[in-house]
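Subject: A structure for you to look at

Hello,

Here is the structure I promised to hand over. Please open it first, then read my notes below.

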Amino acid sequence: MYGPAAHGIPFYHHNVRPGRRPDANDSLALRSPLLDEFRANKSHKWELRDIFGHIVEFSGDQHGSRFIQQKLESATSEEKQGVFDEIVPDNALQLIQDVFGNYVIQKLFEHGTQVQKTVLANTMEGHILPLSLQMYGCRVVQKAVEFVLPDQQISFVRELDPHVLKCVKDANGNHVIQKLIERVSPERLGFVNSFRGNVYDLSTHPYGCRVLQRCFEHLPEEQTRPLMDELHKYMINLMQDQFGNYVVQFVLEQGKPHDRNQVITKLRGQMMNMARHKFASNVCEKALVTAVPEERRALIDEIIMPKTDGVSPIVSMMKDQFANYVLQRALTVADNDQKEILIAKIRPQLVSMRRYSSAYSKHLISIERLLERTVNISKASDKPADYPSLAHKQVN
């Protein structure tokens, strides 16, 4: 199964367990007598030297892999070298992609010498793209990025550079790209230029949105400014997207003041529409929490002021499955004068809505409890209250 005879063709199966043997618990699995004894004789005090000559086989077994991982953490230099020599180079690629073996390789990166880490990473070079796209290989590539020297990090980047957008949109590869953004010196990450012109596409992608957030989190202004400026062009649409709304929330939470201000400016005049939207309502809540006092007052004024047709936004929000959470958030962050107005407008509506309909009972109970808590806190102290976070809305 392993060894030079099996080394001809790398596995590279994406999202599936490599088909190297029957299930580890299957009685037909091909095991050596030593591995059978190891699995059967738990009372024996096993050491790494007891399994030399069988390291690869043990690494591919659930129990054997766990044993090697534990022993490597406190192994002597000679023991580590013994394990290393049986795996590298002939069996490294197979174990990297193995459901149990990948953990042994990760431990070698964590506890091996710098020379061992370098040699191990050398065996991966030329295979970084397929390993990054493979279920278990991507974990080893991430671990390698953490422990290899900068020159080898650059080699990894160079291999992925022409395929970076493919990696970003891959369930496994996106984690490797995120790790590179977190760990590699920004001036070496030329692939970030590939994101320009693709910001909307990435923001609305389940994996791309995570990669963009890592860019804004770890890269300097000169690299992220073109991406952020592109983001602002699509802000209203992104607020309403199931993945894009997370990118917008990230900007509100961790962006520069100028960028947060631009998001909130786009939200002005749109509070009611956005509050009733499944995804944009999350952005409304985040805006109320992160806005500077003047901006927050303006957003809450939109909730308080009746529309031109005389309909109260508060009534609509109390009835809505998403907007009622935005209303609750406004109650917790409003200045005292706005809070009093909100309470005065909500309380009579609670009575009326309870009397004529049971359809909104779930929403109303939450609002009523928050109202009572808000009033009690206001009575107890004139200081700004430290309100608990609202439970996240449960939606289908």
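Is the crossing of α7 and α9 left-handed or right-handed? It is left-handed. A crossing gets that name if the near helix is turned anticlockwise from the far one by less than a right angle, and is right-handed if clockwise.

Some background before the rest. This is a predicted model, where local features need pLDDT of at least 70, side-chain atom pairs count only at pLDDT 80 or more, and totals for chains, interfaces and linings use all residues. Residues are numbered from 1 along each chain as its sequence is written, and side-chain values use heavy atoms, with hydrogens and water left out.

**The whole chain**

The chain has 25 helices and zero strands. Both are DSSP runs, numbered from the N terminus: helices are H or I with at least four residues, strands are E with at least two. Of the 396 residues, 50% are buried (under 20% relative accessible area, 1.4 Å probe, protein chains only). Residues 24 or more positions apart make up 70% of them.

Residues 194-229 are 69% helix and 0% strand, with end C-alpha atoms 15 Å apart. For residues 266-301 the values are 75% helix, 0% strand and 16 Å.

**Two helix pairs**

Two packed helices are described by the angle and the distance between their axes. Axes are lines fitted to C-alpha atoms, for helices over the stretch in contact, and angles run from 0 to 180 degrees between N-to-C directions.

Back to α7 (residues 114-124) and α9 (residues 137-147). Their axes come within 11 Å and cross at roughly 140°. That makes α7 oblique to α9. Angles under 35 degrees count as roughly parallel, over 145 as roughly antiparallel, 65 to 115 as roughly perpendicular, and the rest as oblique. Gln114, Lys117 and Met124 in α7 meet Val140, Val141, Ala144 and Phe147 in α9.

Next come α14 (residues 208-218) and α17 (residues 244-254). Here the axes come within 10 Å and cross at roughly 15°. The two helices are therefore roughly parallel. Their crossing is right-handed. From α14, Cys209, Gln213, Arg214, Phe216 and Glu217 take part; they meet Tyr246, Val247, Phe250 and Gln254 of α17.

Best wishes

Key. Contact means heavy atoms within 4.5 Å.
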